[in-house]
Amino acid sequence: MMDMIGQSKKELRNYVLALRKSLNPEKVQADSRKIFDRLCSMEEFYTSRIIMSYVSFGNEVNTLHFIERCLSMGKRICVPLITTSSDGKKSMIASEIFSMEDDLAPGTMGILEPAEGKVRELEPGLIDLVIVPGIVFSIDRYRIGYGGGYYDRFLPLLRKDCLKAGVAFELQIRDRVPVESHDFPVDVVITEDRII
Ligand SMILES: Nc1ncnc2c1ncn2[C@@H]1O[C@H](COP(=O)(O)OP(=O)(O)O)[C@@H](O)[C@H]1O
Ligand SMILES: [Mg+2]
């Protein structure tokens, strides 16, 4: 696939979103499995006690089986939640779940998130591994998200030795993406074919 030079974030976002939307569900499931098999064989996964993972929807890399796997291994799991503070500013926090069934419910746009009464905020400094979603990643590990900048503001709150791992399908990888001063890169990007 030809890389389109000089595209804005918005153009790249829309272009790659459409590409990802065209993947068939079997391919999404098979490649998601490969991605998490690769991640779970990394030493950083083995040694992580507290893991944060987004809860996937649509054709995002599927994290649902991964989260179940972590819970069944006895790891502590937290998921992102967008909250509005008293000054009206929205930000992302990590909220611990003990069970996917009991603690998650469809929220905004039908995406699973911590249910009412099940919000248990966890201090970012406690997290050992974060699974970072993205629409586009570059080989120098910068990312384009949905445009809210939530991860750009959350990732700097983590410990330096917390592994920030982007997960994506190969069709989401570009040589370069537009980078602004507030953009925060991840430490590693894992696809169905390689670790970047
Ligand atoms: N550290 C930050 N401090 C203040 N605002 C930020 C920060 N990081 C991101 N933002 C805001 O979030 C908006 C979206 O960021 P952008 O990088 O385009 O989105 P995304 O990373 O989701 O693709 C930016 O316009 C920027 O103003
Ligand atoms: Mg950004």
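Author: One cut-off first: a residue is buried if 20 or more other C-beta atoms lie within 10 Å of its own, exposed if 12 or fewer, and partly exposed in between. Keep in mind that this is a predicted model.

Now to the loop between β8 (136-138) and β9 (143-144), which is where you'll find R141. R141 isn't a glycine, yet its phi is positive, about 70°. As for its surroundings, R141 has 18 C-beta neighbours inside 10 Å, so it counts as partly exposed.

Between β8 and β11 the pairing is parallel, over 2 bridges, and F137 sits opposite I173 in β11.

There's also an open sheet of 7 strands, again with mixed pairing, in the order β6-β3-β2-β1-β7-β10-β12. Here the edges are β6 (121-122) and β12 (188-190); each has a single partner strand, so one side of each lacks a neighbour in the sheet. Strand β3 (residues 90-97) runs antiparallel to β6, joined by 2 bridges, with A94 opposite L122 in β6.

Last, the ligand. Among the residues around ligand 1 are I144, G145, Y146, G147, G148 and G149, along with K9, D152 and R153. E180, H182 and D183 are also part of that group. By type, the shell around ligand 1 divides into 2 nonpolar, 5 polar and 5 charged residues.

How values were computed. Residues are numbered from 1 along each chain as its sequence is written. Chains are lettered from A and ligands numbered from 1 in the order in which they are written. This is a predicted model: local features need pLDDT of at least 70, side-chain atom pairs count only at pLDDT 80 or more; totals for chains, interfaces and linings use all residues. A residue is near a molecule or strand if its C-beta atom, placed from the backbone, lies within 6 Å of it. Ala, Val, Leu, Ile, Met, Phe, Trp, Tyr, Cys and Pro count as nonpolar, Asp, Glu, Lys and Arg as charged, and the others, Gly among them, as polar. Helices (H or I, at least four residues) and strands (E, at least two) are DSSP runs, numbered from the N terminus. Two strands pair if DSSP finds at least two bridges between them.
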